[in-house]
Amino acid sequence: MAALITSMLEHRNPLLDTSHPPFKFAIISSGYKLTDVKWAHLYDLPILTPSLHVYGALDGMIAPDRSMDLRDVFVAPSELCFVGAHFVPKTRMAVETISDFVMQFAPLYK
């Protein structure tokens with residue numbers, strides 16, 4: 001859902017009737033493209049919003065190739081692939097990666 005809303009806000013899609021500005025960044029965990037034709041067109045345009053894609057190499061619910069397929073819609077995605085399944089990793093390295101990604105946008109909120 002995060003990628004879908006990111007795309008809709010960025011491209012001012014009429015399906016999302018809002019004046020909300022585009023996101024400054026997106027963190028997408030175990031994300032994948034929706035395949036229903038109602039939503040598929042939202043992945044046609046490249047998404048410029050900075051993004052971090054987090055997924056487990058052993059995820060049995062959302063196969064890693066599906067997360068990588070979504071990642072490739074973004075222009076300059078960051079990626080955190082970890083050894084594990086369908087959960088948000090809590091290792092020191094993972095927490096630092098996510099924290100570093102978020103902190104690069106801190107100046108935007110001063």
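What follows is a conversation about how to read some features of this predicted model.

Colleague: What should I know before I start?

Modeller: This is a predicted model, so local features need pLDDT of at least 70 and side-chain atom pairs count only at pLDDT 80 or more, while totals for chains, interfaces and linings use all residues. Residues are numbered from 1 along each chain as its sequence is written, and side-chain values use heavy atoms, with hydrogens and water left out.

Colleague: Let's start with helices. How many residues does helix α4 have, and what does it reach from its first C-alpha to its last?

Modeller: Helices are DSSP runs of H or I with at least four residues, strands are runs of E with at least two, and both are numbered from the N terminus. The expected span of a helix is 1.5 Å times one less than its number of residues. Here, α4 covers residues 92–103, so 12 residues, and it reaches 16 Å, close to the 16 Å expected at 1.5 Å a residue.

Colleague: Which residues of α4 are buried?

Modeller: Buried means under 20% relative accessible area, exposed means over 50%, and partly exposed is in between (1.4 Å probe, protein chains only). In α4 the buried ones are A94, I98 and F101. Seen down the axis of α4, they fall within an arc of 60°, so they line one face of the helix. That arc is taken from the directions from the helix axis to the C-beta atoms. R92, D100 and M103 are exposed on the other side of α4.

Colleague: And what covers the buried residues of α4?

Modeller: Contact means heavy atoms within 4.5 Å. By that rule, the cover includes β1, β2 and β3.

Colleague: Can we try the reading on another helix? Which residues of α3 are buried?

Modeller: Helix α3 runs over residues 64–71, and its buried residues are P64, S67, L70 and R71. They cover an arc of only 120° around the axis, which puts them on the same side of α3. Those buried residues pack against α1, β1, β2 (51–56) and β3 (78–82).

Colleague: Now single residues. Is S7 buried or exposed?

Modeller: S7, in helix α1, is buried, because its relative accessible area is 1%. Leaving aside residues up to four places away in sequence, S7 touches L42 and I47.

Colleague: What does L34 touch?

Modeller: L34 sits in the loop between β1 and α2 (37–40). Again not counting residues up to four places away in sequence, L34 touches L4, W39, A40 and Y43. L34 and L4 are 30 residues apart along the chain, and their C-alpha atoms are separated by 8.4 Å. L34 counts as partly exposed because its relative accessible area is 26%.

Colleague: On to charges. How many salt bridges does the structure hold?

Modeller: Side chains of opposite charge can pair when their charged atoms come close. A salt bridge here is a side-chain nitrogen of Lys or Arg within 4 Å of a carboxyl oxygen of Asp or Glu. The structure holds four of them. One is K33 with D69, whose closest N and O atoms are 3.8 Å apart. This pair links distant parts of the chain, with K33 in the loop between β1 and α2 and D69 in helix α3, 36 residues apart. K33 is partly exposed at 24% relative accessibility, and D69 is partly exposed at 40%.

Colleague: Which residues are linked in a network of salt bridges?

Modeller: R71, D72 and E79 are. R71 meets D72 at 2.9 Å, N to O, and R71 meets E79 at 2.6 Å, N to O. R71 is buried, with a relative accessible area of 15%, whereas E79 is partly exposed at 39%.

Colleague: What about phi? Where is R12, and where is S30?

Modeller: R12 has a positive phi of about 50° although it is not a glycine, and S30 has a positive phi of about 50° without being a glycine. R12 is in the loop between α1 and β1, and S30 is in the loop between β1 and α2. R12 is partly exposed, with a relative accessible area of 42%, while S30 counts as buried at 8%.
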